[in-house]
Amino acid sequence: MRTILIAGNWKMNMGPKETADFFGQLDDDAQKNIEGVDAAVCPPFVSLSAAFSARKSGSAVKIGAQNVHFEDNGAFTGEISTAMLKELGCDFVILGHSERREYFGEDDAVVNKKVKKALAEGITPIVCVGEVLQERKEDRHFDVVKGQTAGSLDGLTADDLTKIVIAYEPVWAIGTGETATPEQAQEMHAFIREQLSQLFSEEAAATVRILYGGSMKPGNADELLRQPDVDGGLIGGASLKPADFSQLVDIAAGQK
Ligand code: PGA
């Protein structure tokens, strides 16, 4: 059985002080180790230390980053390495988010190098895929997601696959208030799992968590998480408020 993952993507929000406040206000229940549910937040780089300091001792909420470079170290001004994230204690790193693809020119080849580097460092990559509205309108969404999945995971082994998380985020649903219907999400998640099973192995594909992302919030999470191939959420806006984040963790716990 796959453990549901509720992961907050804070994007370029929440400085160190707001991050500390978030953990200060987060309900104890949301920080408990809940069987069948993992919870994580991914603050901006500069707030990671604050997150580790403010997280209560014994809290089960994991901490991740939103990006990383694929080289070990060196002349890459403005970049952060996997070893640096590991030193802090990060469990996750979001890779290939559509905003990185759109505004920072990341393509599948770059995402692929980052995925391999994160795996080598023992950090779980959350690999994002998803089509833009035009691609869906032209009925190309399955092809687009298939290409992104194969390209981002190129050269991985079935064993590597069991150590990653995929996030399906239809770009038209991100930050727009528009959500994929539970049926649309399930259809794409099942399609991704089938791709993984063909590319790697059925056993490995069955273990991979596939998160849905795009305007997930307490009001729609239950229906989405009920879908058999939806194994959690990558949540932007609704993860910034401790009360909403806790509610999402509660909803996930209620699925068990
Ligand atoms: P949203 O963002 O929940 O604000 O739509 C999700 C994401 O981009 O990861």
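A backbone N or O atom of Ser 215 lies 2.7 Å from an oxygen atom of the ligand, a polar contact in the sense of a pair of N or O atoms within 3.5 Å. Taken alone, the ligand exposes 290 Å², of which the protein buries 95% (Shrake-Rupley method, 1.4 Å probe). The model is predicted, so that local features need pLDDT of at least 70 and side-chain atom pairs count only at pLDDT 80 or more, while totals for chains, interfaces and linings use all residues. Residues are numbered from 1 along each chain as its sequence is written, and side-chain values use heavy atoms, with hydrogens and water left out.

| Residue | Part of the residue | Distance to a ligand oxygen atom |
|---|---|---|
| Ser 215 | backbone N or O atom | 2.7 Å |
| Gly 175 | polar backbone atom | 2.7 Å |
| Asn 9 | side-chain N or O atom | 3.3 Å |

In total, 13 residues surround the ligand, and Lys 11, His 97, Glu 169, Gly 175 and Ser 215 are the closest (a heavy atom within 4 Å).

Elsewhere, Lys 56 and Asp 28 join their side chains in a salt bridge, 2.9 Å from N to O (a side-chain nitrogen of Lys or Arg within 4 Å of a carboxyl oxygen of Asp or Glu). Because Lys 56 lies in the loop between helix 3 (48-54) and strand 3 (62-65) and Asp 28 in helix 2 (residues 28-31), the pair ties together parts 28 residues apart in sequence (helices, H or I, of at least four residues and strands, E, of at least two are DSSP runs numbered from the N terminus).

Key: A polar contact is a pair of N or O atoms within 3.5 Å; within protein, one must be able to donate a hydrogen and the other to accept it, and residues adjacent in sequence count only if both atoms are side-chain atoms.
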